[in-house]
Amino acid sequence: MARPGFLLSAWPWRAAAYLLTGAVTGVATLVVLVTLAAVCGVLVLVLVGLPLLVVVALSGIPVAWVERRRLRLIDGDPVSGRHQVPAAPGLWAWLTTRLREQATWRELGYALLFAGLLWPVDALALTVALLLPLSVTATPLLMATVGDGQEAKVLKQWTVTTWPAAWGVAVLGLLLLGLGAYVLCAAAGARAGLVRLLIASREGELGAEVVELARSRARLVHAFEAERRRIERDLHDGAQQRLVALAMALGLARLDAPPGPLADQLARAHEEAGKALAELRELIQGIYPKVLTDYGLQAAVADAADRCVVPVDVDLALPGRPAEAVESAAYFVVCEALANVAKHSGAGRARVSGGHRDGRLFLEVRDDGGGGADPSAGSGLTGLADRVSVLNGRLALTSPPGGPTLLRVEFPCELTEAGASCA
């Protein structure tokens with residue numbers, strides 16, 4: 001509206017069209033609602049009010065559908081409905097879904113407000129800002145046709161008897177028409193904002209997007225864990241078995257070969273095959289340890305503590321097993337923390353403790369090292385924090401200079417024997 005060419009643009013006419021269609025649609029909505037109320041008032045005597053509840057409640061849906069499309073006249077941002085998809089096909093599933101969701105009742109409230117109050121406001125703004133200035137502007141035409149060139153009534157209130165006065169009134173009408181264009185656009189903008197607030201709330205759409213984002217994020221986490229388990233299984237049952245067979249064949253050939261250069265080469269080959277097998281087993285252990293799958297987090301943490309070069313005390317008591325994604329993330333947090341203890345802390349001893357309380361799984365890794373740990377220095381904790389946050393968990397690190405260092409991680413999760421549902 002602040003642009004110089006606003007009055008010559010299409011926006012005043014689009015605003016007028018929006019208000020005009022609003023007035024027409026509002027009258028139609030009022031007629032339909034009154035008719036439905038009258039019809040359902042008769043049926044209520046037979047079916048105890050059920051038709052009144054269903055028909056009138058659902059009447060807001062088509063009204064909201066029309067309003068969302070009318071918004072395109074003055075609002076370039078598309079508006080979509082927020083109705084849920086029925087869980088099953090059929091009319092009954094559709095009706096129960098619509099009657100239970102909040103959007104249906106919001107749209108019904110808007111339809112009642114539209115039929116009772118909003119369309120008269122649209123008609124009043126259109127009359128004051130457009131029809132009255134046009135009537136004033138048409139004074140010379142009225143004087144030439146209706147008044148036979150002698151006189152003309154301006155808004156049925158003032159009489160103009162001379163042509164200079166008629167043209168002066170017409171110029172005034174043009175000025176009022178320009179001012180009315182601003183009034184029309186302001187009224188249409190306020191009207192569109194109210195529609196968005198009532199039936200196309202940005203907060204509601206954002207909430208739905210956030211829910212869908214959380215669901216898709218959880219699906220990606222589960223798919224990632226399933227892929228890790230598949231790779232671990234393929235390496236364990238495929239490549240590892242082939243390396244074992246190769247090492248056994250090289251060992252037998254080494255025993256059968258006479259002393260000499262060939263026996264020495266077979267010995268070196270057998271030794272390299274053993275190293276490759278050991279590295280492959282470490283790789284499999286890092287991808288997804290079998291002890292975690294078979295025995296759970298408690299046993300996997302104890303196994304990781306036994307393999308750590310720093311003595312580690314384990315105090316972890318879990319009455320059940322968390323969800324697979326939570327179990328995997330918790331295990332790798334502990335492994336990364338113990339690796340940092342061994343590489344960077346200079347600690348003489350570490351401790352892993354944890355449990356489950358108030359619907360949350362918590363783990364703590366503490367060491368008596370020199371402290372001063374910095375997650376931004378490439379310790380791997382930043383990636384772990386991102387992984388924990390995907391599961392709605394929290395990771396906190398306390399490591400003052402001089403120590404001690406404490407890493408704490410929490411996951412909202414319920415424990416069961418076979419798995420869990422994670423928040």
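Modeller: What follows is a set of questions and answers on strands, salt bridges, helix packing and a few loop residues.

Colleague: What kind of model is this, and what pLDDT do local features need?

Modeller: This is a predicted model, in which side-chain atom pairs count only at pLDDT 80 or more, totals for chains, interfaces and linings use all residues, and local features need pLDDT of at least 70. Side-chain values use heavy atoms, with hydrogens and water left out, and residues are numbered along each chain as its sequence is written, from 1.

Colleague: How many bridges join strand 5 to strand 7?

Modeller: Strands here are DSSP runs of E with at least two residues, and helices are runs of H or I with at least four, both numbered from the N terminus. Two strands pair if DSSP finds at least two bridges between them. Strand 5 and strand 7 run antiparallel, with Arg366 opposite Leu406 in strand 7. The number of bridges joining strand 5 to strand 7 is eight.

Colleague: Which residue in the turn between strand 6 and strand 7 has a positive phi?

Modeller: Strand 6 and strand 7 run antiparallel and are joined by five bridges; Leu395 has Val409 in strand 7 as its bridge partner. The two strands form a hairpin, with six residues between them. The turn residue with a positive phi, about 95°, is Gly402.

Colleague: How many of the eight residues of strand 7 are buried?

Modeller: A residue is buried at under 20% relative accessible area, exposed at over 50%, and partly exposed in between, using a 1.4 Å probe and protein chains only. Strand 7 is mostly covered. Of its eight residues, the number buried is seven.

Colleague: How many salt bridges are there?

Modeller: Side chains of opposite charge can pair when their charged atoms come close. A salt bridge is counted when a side-chain nitrogen of Lys or Arg is within 4 Å of a carboxyl oxygen of Asp or Glu. By this rule, the count is twelve.

Colleague: Which residue forms a salt bridge with Glu67?

Modeller: The closest N and O atoms of this pair are 3.6 Å apart. Glu67 lies in helix 3 (residues 60–70) and its partner in helix 7 (residues 163–199), so the pair ties together parts that are 124 residues apart in sequence. Both residues are buried. The partner of Glu67 is Arg191.

Colleague: How far apart in sequence are the parts tied together by Asp313 and Arg349?

Modeller: The side chains of Asp313 and Arg349 meet in a salt bridge, at 3.1 Å from N to O. Asp313 lies in strand 3 (residues 312–316) and Arg349 in the loop between helix 12 (324–345) and strand 4, so the parts they tie together are apart in sequence by 36 residues.

Colleague: Is Glu410 buried or exposed?

Modeller: The side chains of Glu410 and Arg360 meet in a salt bridge, at 3.0 Å from N to O. Arg360 lies in strand 5 and Glu410 in strand 7, so this pair ties together parts that are 50 residues apart in sequence. Arg360, at 25% relative accessibility, counts as partly exposed. Glu410, at 13%, counts as buried.

Colleague: Are helix 12 and helix 13 roughly parallel or antiparallel?

Modeller: Axes are lines fitted to C-alpha atoms, for helices over the stretch in contact (heavy atoms within 4.5 Å), and angles run from 0 to 180 degrees between N-to-C directions. Helix 12 and helix 13 pack at about 165°, with their axes 10 Å apart. Angles under 35 degrees count as roughly parallel, over 145 as roughly antiparallel, 65 to 115 as roughly perpendicular and the rest as oblique. The two helices are therefore roughly antiparallel.

Colleague: Is Asp358 buried or exposed?

Modeller: Asp358 lies in the loop between strand 4 (350–357) and strand 5 (360–367). Its phi is near 55°, a positive value in a residue other than glycine. At 72% relative accessibility, Asp358 counts as exposed.
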